[in-house]
Amino acid sequence: MTKFQVIMLLGAIVLNANTPPDSCISKTWFPDGPVGTVVQSGGKVYFCGSFEYVGPVSTSGEPHNNIAALDAKTGAVTVWDPKANGIIRDLKVIGNSVYVIGDFDSIGGKPRNYLAAIDATTGKATDWNPGLSEEGMPIYALAFNGNTIYIGGDFLFEDQVRTIMAFDATNGKATDWSPDKNPDRFKNITDDIPVDYIVFDIAISSDGKIIYASGSF
């Protein structure tokens, strides 16, 4: 049996499968806001949400805006800090990139609207940038399959209202996959974005052939 970690934001318990629970090592952090997603990869535990610092109860914590990473072995807060200026709703780790969605227009030291890729080592934004319109709304769903990133919400891309799209994970270009066929939605707009159709979640079948979406549509 191998060691595993259970992350309980606001806290964590480091457990050994062969050790009684009363002798486990406990690690606790207190972000000043909710945490929605936790992903362990490459020796780090990445997490995101809506907070400004992360730290133990005995201190005021270290500044980290909405996204941070812990050392997977020690539980210490790392220096990895993309400094997002808005809520991060979800993240996925692919290779050495951390893909994030949320309500932000700056992250990793670069302007990015709602969707970005962050270097998993440096915390800086990569050159990957699909270029969502800044007038849009937050992205709510994020999924990936192979080299494709899928997003869902109610957002603007090239001045068109979209609810679900796919992008190449390498170059950031939109793919030809487009189930968003409603002609009334596929038009240039200048007023507020309508919110009658929204994709809130996306799942992908194990063979990658079927994309499941849920929401209001």
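This is a predicted model: local features need pLDDT of at least 70, side-chain atom pairs count only at pLDDT 80 or more; totals for chains, interfaces and linings use all residues.
Biologist: How many helices and how many strands does the chain have?

Modeller: The chain has 18 strands and 0 helices.

Biologist: What percentage of the residues is buried, and how much accessible surface does the chain have?

Modeller: Of the 217 residues in the chain, 43% are buried. The accessible surface comes to about 11200 Å², and carbon and sulfur atoms hold 51% of that surface.

Biologist: How many bridges join strand 9 and strand 10, and which residue is the bridge partner of D90?

Modeller: Strand 9 pairs with strand 10 (residues 97-102) over 6 bridges, in the antiparallel sense. The bridge partner of D90 is I101, in strand 10.

Biologist: D90 has a charged side chain in a salt bridge with K92. How is such a pair to be understood in general?

Modeller: Side chains of opposite charge can pair when their charged atoms come close. In the case of K92 and D90, the salt bridge has an N to O distance of 3.9 Å. D90 is buried, with a relative accessible area of 14%, while K92 is partly exposed at 26%.

Biologist: How many salt bridges does the structure hold, and what is the N to O distance between K83 and D81?

Modeller: The structure holds 3 salt bridges. The side chains of K83 and D81 meet in one of them, at 3.2 Å from N to O.

Biologist: Where in the chain do K110 and D127 lie?

Modeller: The side chains of K110 and D127 meet in a salt bridge at 3.2 Å, N to O. This pair links distant parts of the chain: K110 lies in strand 12 (residues 110-111), and D127 lies in the loop between strand 13 and strand 14 (139-145), 17 residues apart. K110 counts as partly exposed at 28% relative accessibility, and D127 counts as exposed at 68%.

Biologist: Let us turn to hairpins. How many residues stand between strand 4 and strand 5?

Modeller: Strand 4 (residues 35-41) and strand 5 (residues 44-49) run antiparallel and are joined by 6 bridges. V38 stands opposite F47 in strand 5. The hairpin has 2 residues between its strands, and G42 in the turn has a positive phi of about 60 degrees.

Biologist: Which residue takes a positive phi in the hairpin of strand 15 and strand 16?

Modeller: That residue is E158, with a positive phi near 55 degrees; this hairpin has 2 residues between the strands. Strand 15 (residues 148-157) pairs with strand 16 over 8 bridges, in the antiparallel sense, and F157 has Q160 in strand 16 as its bridge partner. Strand 16 (residues 160-168) is mostly covered, with 7 of its 9 residues buried.

Biologist: How is the setting of a single residue read? Is H64 buried or exposed?

Modeller: One considers the location, the accessibility and the contacts together. H64 is in the loop between strand 7 (62-63) and strand 8 (67-71). At 3% relative accessibility, H64 counts as buried. Not counting residues up to four places away in sequence, H64 touches F51, E52, Y53, V54, V77, T78, W80 and D81.

Biologist: Which residues are in contact with Y212?

Modeller: Y212 lies in strand 18 (residues 211-216) and counts as partly exposed at 47% relative accessibility. Leaving aside neighbours within four places in sequence, Y212 is in contact with D201, I202, A203 and S205. The C-alpha atoms of Y212 and I202 are separated by 5.6 Å, although these residues are 10 residues apart along the chain.

How values were computed. Residues are numbered from 1 along each chain as its sequence is written. Side-chain values use heavy atoms; hydrogens and water are left out. Two strands pair if DSSP finds at least two bridges between them. Helices (H or I, at least four residues) and strands (E, at least two) are DSSP runs, numbered from the N terminus. Buried means under 20% relative accessible area, exposed over 50%, partly exposed in between (1.4 Å probe, protein chains only). Accessible areas come from the Shrake-Rupley method with a 1.4 Å probe; for residues, only the protein chains shown count as cover. A salt bridge is a side-chain nitrogen of Lys or Arg within 4 Å of a carboxyl oxygen of Asp or Glu. Contact means heavy atoms within 4.5 Å.
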